[in-house]
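Student: I would like to go through this model with a few questions. Let us begin with confidence and then turn to packing.

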Amino acid sequence: MIRRTILSALFLAMSLATIFWVTNLPLILDVPLTDAHYLSGFLALSLAAVFLKHPYPKGPRWITDIMAAASFAVWAWAAWKSGDWLLEFDPSGLQKWGAALLALVLLLEALRKCMGWGVTIVIGVFALYAFFGQHLPSPLTAAPADPRRIAMYFYSDYNGIPGMVLSIAATIIMSFILFSKTLSHARAIEFFDLVSTALFAGFRGGAGKIAVVSSSMLGLISGSVIGNIMTSGSMTLPMMKRAGFSARYAAAIETVASNAGQITPPIMGATAFLIAQFLQMPYADVVVAAAFPAFMIYIALFVQIDAYAAKNGIEGTSVRERPEARRLLRTGLPFVLAMGCLVGLIFLQGRNIAVAALIAAALTYLLHVVLERGRGAFRNLISILRESAEDMLSIIVIAAAAGLLIGSLNFTGLGFRMTQWLSVIAENTGIFPMLLVTAGLCILLGMGMPTAAVYILLSSILGPSLIHVGVEPLAAHMFIFYFGLLSMLTPPVAIASYTAAGLAGAKMGETSITALRLAAIAFIVPFLFVLEPALLGQRGFGQLLLHGVPVAISVAVLAWGFEASVGRRRLRAPILRPILVIAAIAVAFLSVFNAILGLAASAVLLAASFVFSSGTTRAPEVGATGEQAGSV
């Protein structure tokens with residue numbers, strides 16, 4: 001009971017500390033605090049909470065208590081002494097390097113508890129390289145340095161753990177988690193379901209399309225694919241199965257839709273803000289860049305769902321089953337006004353992103369309190385603050401560990417050498433093989449990690465290398481972000497697919513394969529926008545249209561090829577299925593190299609799709625409204 005109370009207090013302190021810092025209260029109250037004070041103190045609260053939340057299953061509980069207390073003590077000590085250490089360059093003294101070494105060990109153990117052995121080993125190897133790299137043979141030899149200096153560099157320097165990455169996590173991401181959690185308590189999930197039902201319930205395969213829109217809207221703000229699946233999937237999966245979708249297909253739809261929400265602007269699970277901060281570019285540019293690739297994924301999803309529904313006679317629902325406009329307006333008022341406030345503050349007024357998120361969260365909370373006539377207002381506020389911090393633990397830990405990784409790369413010069421090695425691959429084999437290697441590394445390193453954590457880790461390691469060989473910075477970071485996120489769908493881990501399969505009662509292997517098919521275009525689009533940044537809006541709207549139209553047609557044909565059906569029209573022969581798929585991919589790549597040829601080829605491809613198909617997969621059924629349902 002005491003431990004739970006302390007844990008709740010730590011969570012509340014984390015959220016309140018973020019609000020205190022982001023709203024600039026230290027300056028208003030004339031309290032002399034620096035970034036180092038805040039970040040080290042925030043990490044003290046977070047790591048103590050990690051150990052209390054994840055106790056050791058075997059052994060006495062006092063071991064966990066000691067680890068939590070030690071974590072809090074060493075990072076609180078760093079916060080207390082950070083001002084003095086700015087002026088002291090001598091790392092000697094047990095109170096410095098001793099505390100630093102203990103802090104590093106405890107951080108790695110907290111990382112293991114939150115993220116597992118895989119990520120911990122990767123980060124640990126980079127950290128050990130900084131200490132022992134001088135003993136390795138060339139070309140891995142690092143310059144010799146005093147181990148005490150290295151430890152203090154990681155512990156207290158802005159290029160180490162309390163650096164930019166942790167700063168972004170403890171301000172921007174934390175603020176958006178607070179916003180997301182406030183929306184959740186204001187029943188935004190119910191609103192998403194109502195909106196998607198109102199839009200798509202009457203169309204063919206409406207249940208699947210409702211699931212896509214609902215899960216994607218939740219994914220915009222949730223920042224967690226798994227959390228999204230667990231939340232929205234509990235409602236959408238039974239709905240799709242009742243409508244006639246197989247358990248495997250329903251789980252695959254939920255998996256891909258939840259993933260798609262993370263790459264859909266304007267929020268992208270808070271990663272859009274991370275990309276803007278990393279590249280020091282306007283947030284609006286990231287939103288514009290993310291729009292077309294996300295649109296392609298939705299085209300592929302909707303076309304495949306529509307073709308599947310046509311083959312299996314899955315129609316829409318009656319008008320009576322759709323939500324009333326009055327209920328829709330009442331439920332969605334806090335969400336609509338909050339999102340309008342957020343966009344207005346960021347785009348029109350140019351306000352700080354974290355501040356805008358907190359203002360939008362406050363507005364959402366107040367509107368919800370008014371609509372609920374004050375019922376449970378204080379209890380909801382405490383729940384929002386506590387749950388937000390709890391959801392942030394793994395991101396804070398990986399952000400701190402990313403500082404350890406970045407510090408090692410910078411201190412030893414290994415980052416520069418890794419860039420050179422990947423550059424050699426690009427020079428000897430071309431940029432495409434290098435992109436394949438990078439994509440594979442992203443999938444391997446990103447398995448099972450939260451969206452923001454994936455991007456933080458991978459952009460630190462691989463981003464500079466892609467930029468060095470000539471990839472445009474925004475395209476490079478979007479490429480890394482996409483493939484890091486796709487690790488959630490890729491076997492052997494495929495944690496998102498397996499989670500959805502468990503909820504739907506489907507076989508995990510089959511669900512994973514189906515999800516890969518539904519999301520196939522997401523594995524192709526990153527290569528397209530790296531080869532032609534016009535697809536990210538980097539060359540103006542005219543060039544985006546010129547290159548984008550044939551790509552969009554190719555995506556639709558690719559989806560038809562996967563389902564062996566052009567709407568209700570079935571492909572004439574099985575061999576036409578792989579032919580259409582391969583032709584669609586070829587035309588998409590042709591379009592980025594020559595837009596005019598791509599337009600012509602896509603027109604031919606579209607015509608061929610209808611020529612190669614004929615008849616209907618099933619006789620059109622009469623929907624519950626008494627009219628034939630349409631298709632979208």
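Student: What is the mean pLDDT of the protein?

Tutor: This is a predicted model, and 92% of its residues reach a pLDDT of 70 or more. Over residues 617-632, however, the pLDDT is below 50, although this stretch has 40 contacts in the model beyond near neighbours in sequence. For the protein, the mean pLDDT is 84.

Student: Is Ile305 buried or exposed?

Tutor: Ile305 lies in helix 14, which spans residues 283-312. Leaving out residues up to four places away in sequence, Ile305 touches Gly205, Gly208, Lys209, Val212, Phe245, Tyr249 and Ile253. Its relative accessible area is 0%. The cut-off for buried is under 20%, so Ile305 is buried.

Student: Which residues touch the most other members of the largest nonpolar core?

Tutor: That core has 224 residues. One of the residues asked for is Phe245, which, beyond its neighbours within four places in sequence, has contacts including Met240, Ala250, Ile253, Ile305 and Ile314. The complete set is Trp75, Tyr155, Ile173, Phe179, Phe245 and Phe529.

Student: At what angle do helix 3 and helix 17 pack?

Tutor: Helix 3 covers residues 35-53 and helix 17 covers residues 377-412, with their axes 10 Å apart. Their crossing is left-handed. Among the contact residues are Phe42, Leu43 and Leu47 of helix 3 and Leu393, Ile396 and Val397 of helix 17; the contact as a whole divides into nine nonpolar, one polar and two charged residues. The packing angle is about 115°.

Notes:
Residues are numbered from 1 along each chain as its sequence is written. This is a predicted model: local features need pLDDT of at least 70, side-chain atom pairs count only at pLDDT 80 or more; totals for chains, interfaces and linings use all residues. Side-chain values use heavy atoms; hydrogens and water are left out. A nonpolar core is a set of buried Ala, Val, Leu, Ile, Met, Phe, Trp, Tyr and Cys residues joined through side-chain atoms within 4.5 Å. Buried means under 20% relative accessible area, exposed over 50%, partly exposed in between (1.4 Å probe, protein chains only). Contact means heavy atoms within 4.5 Å. pLDDT is the predictor's confidence in each residue, from 0 to 100. Axes are lines fitted to C-alpha atoms, for helices over the stretch in contact, and angles run from 0 to 180 degrees between N-to-C directions. Helices (H or I, at least four residues) and strands (E, at least two) are DSSP runs, numbered from the N terminus. A crossing is left-handed if the near helix is turned anticlockwise from the far one by less than a right angle, and right-handed if clockwise. Ala, Val, Leu, Ile, Met, Phe, Trp, Tyr, Cys and Pro count as nonpolar, Asp, Glu, Lys and Arg as charged, and the others, Gly among them, as polar.
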